[in-house]
Amino acid sequence: MNFKFNEIRVLETAFNNGAWNMALDEVLLNSVNDVPVLRLYGWKPAAVSIGYFQSMKEEVDVEKCKSMDIDVVRRITGGGAVLHDSELTYSFITRKYPQNIMESYQLICDAVIVCLNKLGFDAEFVPLNDIVIDGRKVSGNAQTRKNGSLLQHGTILLDVDAEKMFTVLNVPSEKMRDKLVNDVRERVMGLKRPFNEVAKTLKEAFCEKFDSQPIIDKLTKDEDYNVRKLVKLKYATHEWNWKR
């Protein structure tokens, strides 16, 4: 699929907590113009995010998260609960995209695949929204659309700690926990590459995929203000995170 952007605004926002990370994604979704935005970021402290339609109570052992200094937050995108620990997360926000959901996932995931291939891996897209290497998942992705704009954010795993993952996610039984841990070890992988190396390559890959020039940028004062406001009014609140 051939999509071209003359420029891509690139924001590298380093490591922040879950509420701040999700608030910024929503601020960018609401303010993006004809220049798409590629945001690269990490999570500090580690966090569990749940999909918009999920229940925090059902999906996450919140007390265990507290004891391990792990944030919890609800996303505005769908999908399952994710432990964000050793990974690079990206967001791509654009007003120009295929209306077909699978085509839009594939279009943006293609840029991630270009990145992984440049790093020496043989990656492929698996519908609806995963990227795998040798059959093992290395990237999961989720989308939402609002007022003509699309936000896709996704993880690129650098390492996987299956024990930690199923310590903070609720599972039906200890027997099931062992099975899930073993399944993840077999079916999920991390790149074992430094964050900065993957971030640099991902920037290059998006520009290559969309034949674009990067605009290396920082948050505006208005964006920073709106993020702080949205953290306070939404993403750090019990009403939002425990709404289901």
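Predicted model: local features only at pLDDT ≥ 70, side-chain atom pairs only at ≥ 80, totals over all residues.
## A charge over a ring

Arg-39 lies over the face of Tyr-41, at 3.5 Å from the ring centre.

## Aromatic pairs

A pair of aromatic rings is described by the distance of the centres and the angle of the planes. How many aromatic pairs does the count come to? The count is 11 aromatic pairs. Take Phe-15 and Phe-195: their ring centres are 4.8 Å apart and their planes stand at 40°, so this pair is tilted. Phe-15 belongs to strand S1 (residues 7-16) and Phe-195 to helix H7 (residues 195-209), so the pair ties together parts that are 180 residues apart in sequence. Phe-15 is partly exposed, with a relative accessible area of 41%, while Phe-195 is buried, with a relative accessible area of 18%.

Are Tyr-41 and Trp-43 buried or exposed? Both are buried.

Some rings gather in a group. Phe-5, Tyr-90, Phe-92, Phe-206 and Phe-210 make up one aromatic cluster.

## The largest pocket

Rolling a probe the size of a water molecule over the atoms shows where empty space is left. Here, the largest pocket holds about 1000 Å³ of space. It is lined by 46 residues, and those closest to its centre are Ala-81, Val-82, Lys-137, Met-165 and Val-188.

Which elements supply the lining of the largest pocket with at least two residues each? Among the strands that do so are S2 (37-43), S5 (82-84), S6 (87-94), S8 (130-133), S9 (136-146) and S10 (149-157). Helix H5 (162-168) and helix H6 (174-187) each supply at least two residues as well. Strand S9 gives the most to this lining, with seven residues. By residue type, the lining of the largest pocket divides into 17 nonpolar, 18 polar and 11 charged.

Most residues other than glycine have a negative phi, and most peptide bonds are trans. With that in mind, here are a few places to look at in the backbone. Lys-44 and Pro-45 are joined by a cis peptide bond, with omega about 5°. Pro-45 sits in the loop between S2 and strand S3 (47-50). Another cis peptide bond runs from Pro-127 to Leu-128, where omega is near 15°. Leu-128 is in the loop between strand S7 (123-126) and S8.

Next come two aspartates. Asp-69 is not a glycine, yet it has a positive phi of about 55°. You can find Asp-69 in the loop between helix H3 (62-67) and strand S4 (71-74). Is Asp-69 buried or exposed? At 55% relative accessibility, Asp-69 counts as exposed, because the cut-off for exposed is over 50%. Asp-211 also has a positive phi, of about 50°, although it is not a glycine. Asp-211 is placed in the loop between H7 and strand S11 (213-217).

Methods
Residues numbered from 1 in each chain as written. Heavy atoms only, no water. Phe/Tyr/Trp six-rings, centres within 6.5 Å; stacked < 30°, edge-to-face > 60°. Helix = DSSP H or I, 4+ residues; strand = E, 2+ residues; numbered from the N terminus. Buried < 20%, exposed > 50% of the residue type's maximum accessible area, 1.4 Å probe, protein only. Lys NZ or Arg CZ within 6 Å of the ring centre and 35° of its normal. 1 Å grid on protein atoms, 1.4 Å probe; cavity = no way out; pocket = protein on both sides within 12 Å on 5 of 7 lines; lining within 4 Å. Points joined across faces, edges and corners; volume = space filled by probe spheres on them. Nonpolar A, V, L, I, M, F, W, Y, C, P; charged D, E, K, R; others polar.
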